[in-house]
Amino acid sequence: GAVSLNVIAQTPPGAIPVGPLMAYPEIEVGYKRDSNIAIQPDATRRADNIFSVKPSVRLEAKDGVNVYDIGYRGEYLRYDKQTTDNIENHDVTGNGNITFDARNNLKLRAQYSDRFDPRGTLNIIATPTPNQYHQSLLNGLYTYGAEDAQGRIELAAGYYGKHYLNNRPDTSVLDHSRAEYGGTFLWRVQPKTYATFNLRQYRYDYKDSASTLDSKDTFALVGAR
């Protein structure tokens with residue numbers, strides 16, 4: 001009896017113990033009425049009822065002060081009449097929050113998605129079916145400086161890629177990747193308030209050889225946290 005009470009007391013709200021892990025399952029069921037499912041002019045628009053189921057689960061593990069998790073989220077949309085618009089979206093994510101010591105912390109995130117863009121939502125000619133794509137994301141944030149330090153530094157870097165699978169060659173012009181990196185300097189001006197000075201850059205690379213959308217965005221920001 002004492003052991004069971006101890007396990008229950010240590011289980012966070014909404015969690016289910018799975019060996020050394022904690023599982024956080026959720027499910028959401030929905031319904032909506034869409035008066036223009038493909039975003040068309042009034043003369044050709046169609047309305048439909050849409051039913052949705054969104055299951056998800058996250059598994060969390062702790063190793064001392066370090067926290068790791070992996071999760072899945074699905075989205076299943078079913079149209080009452082226009083069944084060719086039915087879609088299934090899948091996202092798998094992983095996170096790591098690693099504390100090396102009082103001054104050094106690293107946060108990592110990875111995500112892979114198999115998703116659809118509903119018809120009419122892209123800036124291309126109308127397609128006969130929803131547009132399926134694969135998407136990958138990887139980023140990291142390294143922080144140097146203790147929580148109560150006068151100054152702290154954050155360095156960030158990441159990669160994002162998107163590739164369409166169907167309705168080509170119309171969707172091929174949208175295939176692209178993005179690299180991002182930057183840094184933030186934080187200076188404590190009040191016990192819980194920091195002034196922030198941030199530089200970051202994004203580089204976009206479109207895969208279509210005829211594309212003129214390759215670009216670079218650079219930001220210099222001043223703010224407070």
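Let's start at Lys-162: setting aside neighbours within four places in sequence, this residue is in contact with Asp-117, Tyr-133, His-134, Gln-135, Asp-175 and His-176. Keep in mind as we go that this is a predicted model. Lys-162 is found in strand S8. With a relative accessible area of 16%, Lys-162 falls under the 20% cut-off, so the residue counts as buried. The side chain of Lys-162 also makes a polar contact, at 3.2 Å, with the side chain of Tyr-164.

Stay with strand S8 for a moment, and look at Glu-154. Here Arg-225 forms a salt bridge with Glu-154, and the closest N and O atoms are 2.9 Å apart. Glu-154 lies in strand S8 (residues 151-164) while Arg-225 lies in the segment after strand S11 (215-224), so this pair ties together parts that are 71 residues apart in sequence. Glu-154 is buried too, with a relative accessible area of 9%.

Another one joins the side chains of Arg-115 and Glu-75, at 3.7 Å from N to O. Because Arg-115 lies in strand S6 (residues 104-117) and Glu-75 in strand S4 (residues 66-79), the pair ties together parts that are 40 residues apart in sequence. Glu-75 counts as buried, at 19% relative accessibility. Both residues belong to a network of salt bridges that links Lys-54, Glu-75, Asp-91 and Arg-115. Elsewhere, Arg-178 forms a salt bridge with Glu-180, where the closest N and O atoms are 3.0 Å apart.

Now turn from charges to nonpolar side chains. Which residues make the nonpolar surface patch of about 770 Å²? They are Tyr-144, Ile-153, Leu-155, Phe-185, Trp-187, Val-189, Phe-197 and Val-222. Strand S8 and strand S9 (176-190) each supply at least two residues of this patch, and S9 gives the most, with three residues. In a regular strand, side chains alternate between the two faces of the sheet.

Phe-185 lies in strand S9 and is partly exposed, with a relative accessible area of 35%. The bridge partner of Phe-185 in S10 is Phe-197, which is also one of the patch residues.

S9 and strand S10 (residues 193-206) pair in the antiparallel sense over 14 bridges, and a hairpin joins S9 to S10 through two residues. S10 in turn runs antiparallel to S11, and 10 bridges join them. Tyr-202 shows one such link: the bridge partner of Tyr-202 in S11 is Asp-217.

Gly-30 has its place in strand S2 (residues 21-34) and counts as partly exposed, at 22% relative accessibility. Leaving aside neighbours within four places in sequence, Gly-30 is in contact with Ile-50, Phe-51 and Ser-52. Take Ile-50 from that list: Gly-30 and Ile-50 are 20 residues apart in sequence, and their C-alpha atoms are 8.3 Å apart in space.

Terms used: Residues numbered from 1 in each chain as written. Predicted model: local features only at pLDDT ≥ 70, side-chain atom pairs only at ≥ 80, totals over all residues. Heavy atoms only, no water. Salt bridge = Lys/Arg side-chain N within 4 Å of Asp/Glu carboxyl O. Helix = DSSP H or I, 4+ residues; strand = E, 2+ residues; numbered from the N terminus. Buried < 20%, exposed > 50% of the residue type's maximum accessible area, 1.4 Å probe, protein only. Contact = heavy atoms within 4.5 Å. Patch = residues over 30% accessible without salt bridge, like charges linked within 9 Å, V, L, I, M, F, W, Y side chains within 5 Å. Areas by Shrake-Rupley, 256 points an atom, 1.4 Å probe, with all protein chains shown as cover. Pairing = 2+ DSSP bridges. Polar contact = N/O pair within 3.5 Å; in protein donor to acceptor, adjacent residues only side chain to side chain.
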